Amino acid sequence: MGGEKPKKTILIVDDSPENLRILSNLLKGEYRLMAATNGAKALELAMSESKPDLVLLDVMMPEMDGREVCRRLKGCDDTREIPVIFITAMSEVEDEAHGFALGAVDYITKPFNPTIVEARVRTHLDLKEKNEIITQEREELRVAHELLTKAINRLQADIRLAAEIQKNMLPDSTKHPFPEALTIVTRYNPEMDVGGDFFDFAAPDDKHASVILADVAGHGLQAAFITGLIKTSFELAGKALLTAAGFANDLNEILCRLTPPNSFATVVYCLYDLHERRLHYFNGGHGPWPIFVTPQGKVGPISQKTNVLLGIFEKQEFKEEVFDISPGSKLILATDGLVDALNPQGESFGYERLMSTIGRHSGVPAKDLDRIIFQELETFTHGADQNDDIAAVTIEFH
């Protein structure tokens with residue numbers, strides 16, 4: 001059980017013993033009282049360890065009058081917030097204005113009206129208490145804001161670092177393997193500083209090129225962390241990349257073991273045999289379907305078959321498909337952020353529009369085709385905010 005609320009302390013300052021007696025009788029019992037008959041003693045009590053909550057201060061006193069006492073109280077950090085009510089026999093407006101300018105909160109005139117004295121004392125003590133609560137709340141808000149600002153700054157620094165790391169994870173398409181046999185053009189537009197889309201390419205041996213495109217569920221740092229796992233798995237796979245389904249199985253086990261249960265990734269993996277001109281193709285739940293362009297300009301999905309998503313079932317049998325590739329063919333891989341991009345009216349760019357764009361420009365080189373696709377996308381969205389990352393890889397087979 002909590003104890004009674006401690007009594008408020010009132011300092012009464014008056015050189016008249018009679019006035020001290022009257023005011024003390026009015027306020028005793030409800031308040032703890034302190035008394036002083038001159039300004040010097042009033043300042044001593046006000047600045048003591050048990051400083052008052054309110055001062056009733058006579059204006060007219062010898063040696064140091066009430067105005068000077070008030071001025072000194074308001075000039076000291078320890079006593080500035082103590083409310084001062086002047087006691088005076090004067091009621092001229094100019095005297096009141098002078099007192100308020102010094103920092104007094106009110107006047108009580110002599111002879112004393114008990115009801116007015118009690119009401120004004122209670123009112124200004126209540127106001128002081130409320131102001132103290134407000135001051136405390138403001139200080140708590142200031143501290144909370146400071147802590148929040150520091151946390152946000154740390155988070156922003158972490159995000160900037162993560163964005164830099166993720167940027168370094170993505171390959172330079174001008175340095176892809178076997179440029180005499182392939183042209184690979186890449187594009188990455190994250191919704192935020194970091195994202196969940198990923199692509200990479202490698203040369204597992206002297207006659208194979210491998211390309212991966214992944215789309216991790218979610219956004220932000222968690223998705224960026226999972227793309228880091230995919231990058232590491234791809235980077236260290238070595239000869240395991242020579243089997244599309246085998247690599248997919250290894251990657252799936254890693255994602256199942258090291259990522260949260262509600263996370264997963266869609267993955268397209270392509271292994272191209274330069275000597276046999278064959279593409280070993282794996283799709284793990286990815287959409288939109290990669291688009292294949294024949295040398296004659298025919299455009300359509302390379303396949304509409306998919307395996308399950310990666311990162312959900314640890315023991316899973318994956319199957320790959322094999323396609324013969326003619327010189328002049330192209331393959332466009334993209335994440336769903338491209339086809340789901342919205343215009344200001346809320347319409348999506350869509351898979352059919354993407355195929356139509358590719359079909360109209362099927363004969364242009366891969367670099368130009370990538371540029372045209374994203375020019376049309378920008379024209380369509382007209383600057384509307386997007387809610388997903390966009391990644392694309394365009395491969396041209398020579």
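Colleague: Which helix is Asp-370 found in?

Modeller: Quick note before we start: this is a predicted model, where local features need pLDDT of at least 70, side-chain atom pairs count only at pLDDT 80 or more, and totals for chains, interfaces and linings use all residues. Residues are numbered from 1 along each chain as its sequence is written, and side-chain values use heavy atoms, with hydrogens and water left out. Helices here are DSSP runs (H or I, at least four residues), numbered from the N terminus. Residues 366–381 form the one that holds Asp-370, and that's helix 10.

Colleague: Is Asp-370 buried or exposed?

Modeller: Buried means under 20% relative accessible area, exposed over 50%, and partly exposed in between (1.4 Å probe, protein chains only). Asp-370 has a relative accessible area of 5%, so it's buried.

Colleague: Which residues does Asp-370 touch, not counting residues up to four places away in sequence?

Modeller: Contact means heavy atoms within 4.5 Å. With those sequence neighbours left out, Asp-370 touches Val-185, Arg-187 and Thr-394.

Colleague: How many disulfides does a search of the whole structure find?

Modeller: A disulfide is a pair of cysteine sulfur atoms within 2.5 Å. For Cys-70, the nearest cysteine sulfur is that of Cys-76, 13 Å away. Searching the whole structure gives a count of zero.

Colleague: At what angle do helix 2 and helix 3 pack?

Modeller: Axes are lines fitted to C-alpha atoms, for helices over the stretch in contact, and angles run from 0 to 180 degrees between N-to-C directions. For helix 2 (residues 39–46) and helix 3 (residues 66–74), the axes are 10 Å apart and the angle is about 25°.

Terms used. Helices (H or I, at least four residues) and strands (E, at least two) are DSSP runs, numbered from the N terminus.
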